[in-house]
Amino acid sequence: MTSDQHAARRGHHLDQHPDIWCEDLVRIYHTEGIEVQALQGLNLTVDPGDIVALVGASGSGKSTLLGILSGHDRPTGGRARVAGMDLLAMSQRQRVDYQRNIVGFVWQQTSRNLLPFLTAAENVALPMVIGGARDRDARVRELLALLGVEEQAGRLPKELSGGQQQRVAIATALANSPRVLLADEPTGELDEANSEAVLEVMRHAATQLGTTVLVVTHDPRVSEHVRRTIQIRDGRTSTEVLRRTVRDEDGSERLLAEEYTVIDKAGRIQLPPGHVEEFGLRDRVRLEKGDRHVEVHPGDEDVPAARRSQHEEETR
Ligand SMILES: Nc1ncnc2c1ncn2[C@@H]1O[C@H](COP(=O)(O)OP(=O)(O)OP(=O)(O)O)[C@@H](O)[C@H]1O
């Protein structure tokens, strides 16, 4: 598929369903009689062509989510669809096709992404050989060029730098034109300059090809390369930062980052831990409705008499 066809595909599915959709996703691990709830009712929607970073503390459930989305693991409960495929209802055969053609995957360990005895070009071609694609040489050249490693085509992975290996790994993951690219800490083993460069080429390639990207990371710099950053806390999506370009009155453009708290379909939100601590919020809180907003007050705070009678009036 050419870049133009990819762009057309992106435009075509922009008005359709999200490429990644999870509702109340639960994953419970049982080890030695202990139950770990890695995902506790996670909700996530990513639109076609969007590039999203998933951040969160160690143990918050990021890799568990990627394991499910990549078809390597099954959730304990909830619903999950990627590119229209129901991840809980796939047969074994559909799962193989899904991993081969619908999702691409990049791991943190550079050595895990590429076969050591194949050159960069052969690694990129391999998924297409298995899939029986034609015009492989042209496609390999196009992908290596898109990721800025065309000159390294004939080298073995061990003859490439870590950053170049990850670029080739991204090209390999994109070889069969997946709808969705999943990356688990793709810059985890790289230094700062290489991380920046790899993220930028990944963003560029995904934009050119119309691929939807979900990248898991500890690296706060990743956020600068994506439109949405989703924070996952205790197995749930908690906050989201959206970046957009705004035009000031003098006509100059600037990047605006706004933080949002995620609200689920039952109306539940998770308050930031800093707010909970600062205002001593625990056990229960009192909500007060304004014209266009809702205030959260500590449950043990004295309610002013005027407001109390108004509240009684409203709830009567
Ligand atoms: N195979 C497993 N068996 C038992 N518990 C597991 C397993 N995999 C993960 N867990 C637990 O599930 C929780 C979420 O783990 P997960 O690896 O998804 O977190 P993470 O956000 O990716 O962490 P990190 O950033 O350190 O990679 C943790 O408490 C972890 O110990």
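Okay, let's start with the sheet: it's an open one, built from 7 strands running E6-E7-E8-E3-E9-E10-E11, with mixed pairing. Keep in mind as we go that this is a predicted model.

So which strands stand at the edges? Those are E6, residues 103-106, and E11, residues 253-261. Each has a single partner strand, so one side of each is left without a neighbour in the sheet. On average, neighbouring strands here are turned by 20 degrees against each other, if you ignore direction.

Let's zoom in on one pair. E9, residues 228-233, and E10, residues 236-247, are antiparallel partners, joined over 6 bridges. If you want a spot to look at on screen, find Ile 230, which sits opposite Glu 240 in E10.

Now, the ligand. Which residues are around it? We've got Tyr 29, Thr 31, Val 36 and Ala 38, then Gly 56, and then Ser 58, Gly 59, Ser 60, Gly 61, Lys 62, Ser 63 and Thr 64. Strand E1 (20-31), strand E2 (34-46) and helix H2 (62-69) are the elements that give two or more residues to that shell. H2 gives the most, with 3 residues. Sorted by class, the shell comes out as 8 polar, 3 nonpolar and 1 charged.

Last stop, helix H6, which covers residues 136-146. What's buried there? Val 140, Leu 143, Leu 144 and Leu 146, but also Arg 139 and Glu 142. And just after H6 comes Gly 148, with a positive phi of about 70 degrees.

That's my tour, happy to take questions.

Conventions. Residues are numbered from 1 along each chain as its sequence is written. This is a predicted model: local features need pLDDT of at least 70, side-chain atom pairs count only at pLDDT 80 or more; totals for chains, interfaces and linings use all residues. A residue is buried if 20 or more other C-beta atoms lie within 10 Å of its own, exposed if 12 or fewer, and partly exposed in between; C-beta atoms are placed from the backbone. Helices (H or I, at least four residues) and strands (E, at least two) are DSSP runs, numbered from the N terminus. Two strands pair if DSSP finds at least two bridges between them. Axes are lines fitted to C-alpha atoms, for helices over the stretch in contact, and angles run from 0 to 180 degrees between N-to-C directions. A residue is near a molecule or strand if its C-beta atom, placed from the backbone, lies within 6 Å of it. Ala, Val, Leu, Ile, Met, Phe, Trp, Tyr, Cys and Pro count as nonpolar, Asp, Glu, Lys and Arg as charged, and the others, Gly among them, as polar.
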